[in-house]
Amino acid sequence: MTRSELVEEVASKSANFTKKDVEVIVSTLFQSIADSLSKGEKIEIRGFGSFKVKQREARRGRNPKSGEGILVEEKKVPFFKAGKEFKERVNTVEQKTA
Amino acid sequence: MTKADLVEVAFEKVGCSKKDLAEVVDQVFETIKGALEHGDKVKISGFGNFTVRHKKARRGRNPQTGDEIIIGERRVMTFKPSQILKDYVNK
């Protein structure tokens with residue numbers, strides 16, 4: 001499912017909004033999550049999960065091609081943790097179909 | 001930031017009934033969940049991909065008691081941030 005398919009499906013279920021509206025809402029949604037993350041904030045969405053930024057320490061790495069040792073600088077990584085209900089839902093449907 | 005804050009930001013952009021907006025925001029997350037639940041991937045360009053991965057059963061250990069246990073086969077969901085989001089968070 002891509003962003004446009006997501007918009008399509010949500011628009012088909014909501015009578016009050018046009019596809020265009022839903023497009024703007026979906027874009028705004030992910031943009032605000034990204035903005036918050038870049039400020040180092042945590043985003044918690046009940047029933048879905050939470051987004052936060054994790055700090056990775058600098059470490060010694062190796063260029064896998066040349067074998068040269070290099071220093072990998074510290075960096076921040078966006079991280080998503082699925083909520084409990086979400087995790088369970090992803091897991092239970094599998095057991096039915098398997 | 002919570003879902004209510006997200007609705008607030010969307011409200012500033014779209015400016016319609018907050019109640020309706022809250023419903024759409026819910027619907028967005030519900031739709032993503034629904035897709036993943038059925039094993040579909042959700043790819044949000046510029047943001048990242050949500051995918052479901054199969055984990056095989058493996059032996060584990062209860063870290064508190066040290067007892068060996070079997071962790072059954074299961075499905076977990078993972079999020080892989082896009083390069084754009086990774087860069088955005090680091091700038």
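Strands are DSSP runs of E with at least two residues, helices are runs of H or I with at least four, and both are numbered from the N terminus. The model is predicted, so local features need pLDDT of at least 70 and side-chain atom pairs pLDDT 80 or more, while totals for chains, interfaces and linings use all residues. Residues are numbered from 1 along each chain as its sequence is written, chains are lettered from A and ligands numbered from 1 in the order written, and side-chain values use heavy atoms, without hydrogens and water.

A pocket here is an open set of points on a 1 Å grid where a 1.4 Å probe fits, with protein on both sides within 12 Å along at least five of seven lines; its lining residues have an atom within 4 Å of a point. The second largest pocket holds about 180 Å³ of space, the volume being that filled by probe spheres set on the joined points. Among the lining residues are A:K42, A:E44, A:R46, A:K52, A:K81 and A:K84. By class the lining has six charged, four polar and two nonpolar residues (Ala, Val, Leu, Ile, Met, Phe, Trp, Tyr, Cys and Pro are nonpolar, Asp, Glu, Lys and Arg charged, the others, Gly among them, polar).

The largest pocket, with a volume of about 330 Å³, has residues of both chains in its lining. Strand 5 (75–82) of chain A and strand 5 (74–81) of chain B each give at least two residues to that lining. Of its 15 residues, A:F79, A:F80, B:M77, B:T78 and B:F79 lie nearest the centre. Nine of the lining residues are nonpolar, five charged and one polar.

Between the chains, 45 residues of chain A are in contact (heavy atoms within 4.5 Å) with 47 residues of chain B. The buried area (accessible area lost to a 1.4 Å probe, summed over both parts) is about 4400 Å², with 70% from carbon and sulfur atoms. A:M1, A:R89 and A:V90 supply 15% of the area that chain A buries against chain B, more than any other three residues.

A:R89 also meets B:E37 in a salt bridge at 2.4 Å, N to O (Lys or Arg side-chain nitrogen within 4 Å of an Asp or Glu carboxyl oxygen). Three salt bridges are found across the interface. Helix 1 (3–13), helix 2 (19–38), strand 1, strand 2, strand 5 and helix 3 (84–97) of chain A each give two or more residues to the side touching chain B. Helix 2 gives the most, 14 residues. This side of chain A has 23 nonpolar, 10 polar and 12 charged residues.

Notes
Buried area = accessible area lost by both parts, 1.4 Å probe.
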